[in-house]
Amino acid sequence: MPVPSHPTRRALLFGAVGSVALLGAGTRAPLRTGAAPRPAILVADAAVPLDAAPVTVDLGSRTVRTWAYGDRVPGTEIRVTAGGTVSARLRNGLPHETTVHWHGVRIDAAMDGAPGLSQVPVAAGDTFDYRFTAPDPGTFFYHSHVGTQLDRGMYGVLVVEDPAEPLGYDAEWTVVLDDWLDGTGTDPDTELGTIRDTPRPARTLRSTLLGGTAGHIDYPHYLINGRTPQAPEVFTDSPGRRIRLRLVNAGADTAFRVALGDHRLTVTHTDGFPVLPVTVDTLLIGMGERYDVLVTLADGVFPLVAAAEGKDARAFAVVRTSGGDAPDPSVAVPELDRRLLTLADLVADPSVDPGDAPARAVDLVLGHGRNGTGWTLGTAAAPDVTPLRVPVAVGERVRLSFTNATRMWHPVHLHGHTFQVRGDEGRGPRKDTVIVRPRERVTVDVLAENPGEWMLHCHNLYHSELGMMATLGYGDTPPAAPDPSMGGMSGAG
């Protein structure tokens with residue numbers, strides 16, 4: 001059954017009754033009839049279990065030991081209707097403390113999962129109940145925000161559905177991109193130590209599209225929905241049907257250039273919020289970003305390719321609408337070199353355009369630490385102040401400008417808020433994560449409407465761990481740190 005099309009969109013849908021569906025491998029969810037299907041378990045008046053533990057997972061071509069939520073990577077997909085309540089119980093079976101961050105959600109600060117800032121990390125053996133309203137429809141995800149745990153298997157997708165969905169389409173497919181090394185003879189903590197000890201990033205991984213160095217790590221595997229190219233996921237449907245792809249980059253150090261062979265992509269959303277539709281052949285998605293696209297399926301068998309930008313490798317899946325042999329993972333996909341989506345192409349849909357008139361400008365600098373051994377997020381006058389705090393007042397509009405003074409690109413993410421990108425010709429999309437290339441300046445407008453202390457950081461995991469982290473806080477004086485007695489308590493918050 002197709003999802004009905006509506007002529008108008010309600011921008012923010014508060015108060016709607018929400019239900020939660022859990023999606024994993026095997027069956028399909030309501031209204032999602034394509035076959036790369038994950039089981040739908042409807043949950044009412046119960047907490048979604050997020051059991052963090054050491055596990056063995058099958059990536060298709062090999063099995064690895066890692067840390068994950070449950071027995072799969074990505075973790076269970078959570079669905080809720082906008083305005084509904086997400087309730088999730090974290091059980092920490094890891095040999096280390098952990099949290100869950102709900103990436104992109106305008107959430108209550110106590111539920112944000114920012115260790116030491118909004119929450120004391122959940123100790124090994126303890127539990128913590130996350131419960132919050134999901135106000136905005138869109139594609140989001142959840143992940144650990146402690147140390148390098150994101151670069152293991154500690155992530156999953158949160159889809160907030162629009163009860164007045166304006167798009168008409170026949171099926172959905174959630175596509176999670178990742179770079180993978182855990183359990184392959186090394187681990188993220190080892191790589192962090194190597195990067196910390198290296199004065200400058202390796203110049204062997206380079207991308208003109210990213211403006212220079214593409215990343216630090218040449219990963220052994222790049223995944224789509226937890227599968228390597230040698231054993232890819234296959235999405236099966238019928239020719240002529242319109243499919244919504246929800247693209248999520250859950251990687252730690254890799255941007256992906258995504259294309260579907262013999263198809264064009266109509267971009268409808270970025271970071272959960274709608275844009276005026278634009279049709280392209282390929283798009284670049286940085287760590288922490290999400291894009292929703294519509295595709296009308298042709299007749300045949302087609303490669304979905306996510307090229308690891310600057311790393312001479314790719315993640316790979318298959319779309320099948322008829323018989324025939326599946327393409328080889330190395331198949332040429334001309335769309336990767338055709339019309340590329342740019343930030344300038346994206347304009348917020350009028351229903352979610354917050355308007356003009358910021359009250360105050362703050363200039364920030366993305367920098368390299370002294371002696372090149374760290375990364376910073378500061379100001380031109382105080383580049384090495386760590387951590388920098390940007391004070392705001394409730395209701396204030398603030399214009400943040402990010403100048404990249406390094407040789408690498410940075411996907412900058414703000415917790416608990418969205419911002420509107422300001423282009424040379426006016427207002428751009430609403431986002432929560434934006435790519436800033438070397439020698440580039442990107443300006444965004446933030447409406448301060450969610451009191452708390454909020455992380456502002458590079459979503460390259462290794463950059464944030466090595467210092468590219470600031471906070472946006474309400475009031476001139478930061479509040480006291482969270483009470484350690486509340487850490488790891490079931491039902492806390």
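## Strand pairing

Strand 29 (residues 419-423) pairs with strand 30 (residues 426-431) in the antiparallel sense, and four bridges connect the two. The structure is a predicted model, and in it these two strands make a hairpin that leaves two residues between them. Within this pair, Phe419 has Lys431 of strand 30 as its bridge partner.

Strand 29 is also joined to strand 32 (residues 441-447), again by four bridges and with the strands running antiparallel. In that pairing, Val421 stands opposite Val444 of strand 32.

## Overall make-up

The protein contains 34 strands and two helices. It has 493 residues, of which 60% count as buried, and its accessible surface amounts to about 17800 Å², with 52% of that belonging to carbon and sulfur atoms. Among contacts with a separation of 6 or more, 75% are made by residues 24 or more positions apart.

In soluble globular proteins, nonpolar side chains tend to be buried together. Here the largest nonpolar core holds 115 residues, and those that touch the most other members are Trp102, Leu158, Val267, Leu283 and Leu400. Strand 11 (residues 171-180) supplies the largest share of this core, with six residues.

Leaving aside residues up to four places away in sequence, Leu400 touches Val362, Leu364, Val390, Val442, Thr443, Val444, Val446, Leu456 and Leu472. One of these neighbours, Val444, is the residue of strand 32 that stands opposite Val421.

## The helices

Helix 1 spans residues 188-197, and its buried residues are Pro188, Glu191, Leu192, Gly193 and Ile195. The buried residues of this helix pack against helix 2 (461-465). At the start of helix 1, the backbone nitrogen of Asp189 has a side-chain oxygen of Asp187 within 3.0 Å.

## A buried glutamate

Glu233 lies in the loop between strand 14 (221-224) and strand 15 (234-236). Is Glu233 buried or exposed? Glu233 counts as buried because its relative accessibility is 12%, and the cut-off for buried is under 20%.

Definitions and conventions:
Residues numbered from 1 in each chain as written. Predicted model: local features only at pLDDT ≥ 70, side-chain atom pairs only at ≥ 80, totals over all residues. Heavy atoms only, no water. Buried < 20%, exposed > 50% of the residue type's maximum accessible area, 1.4 Å probe, protein only. Contact = heavy atoms within 4.5 Å. Areas by Shrake-Rupley, 256 points an atom, 1.4 Å probe, with all protein chains shown as cover. Core = buried A, V, L, I, M, F, W, Y, C linked by side-chain atoms within 4.5 Å. Polar contact = N/O pair within 3.5 Å; in protein donor to acceptor, adjacent residues only side chain to side chain. Pairing = 2+ DSSP bridges.
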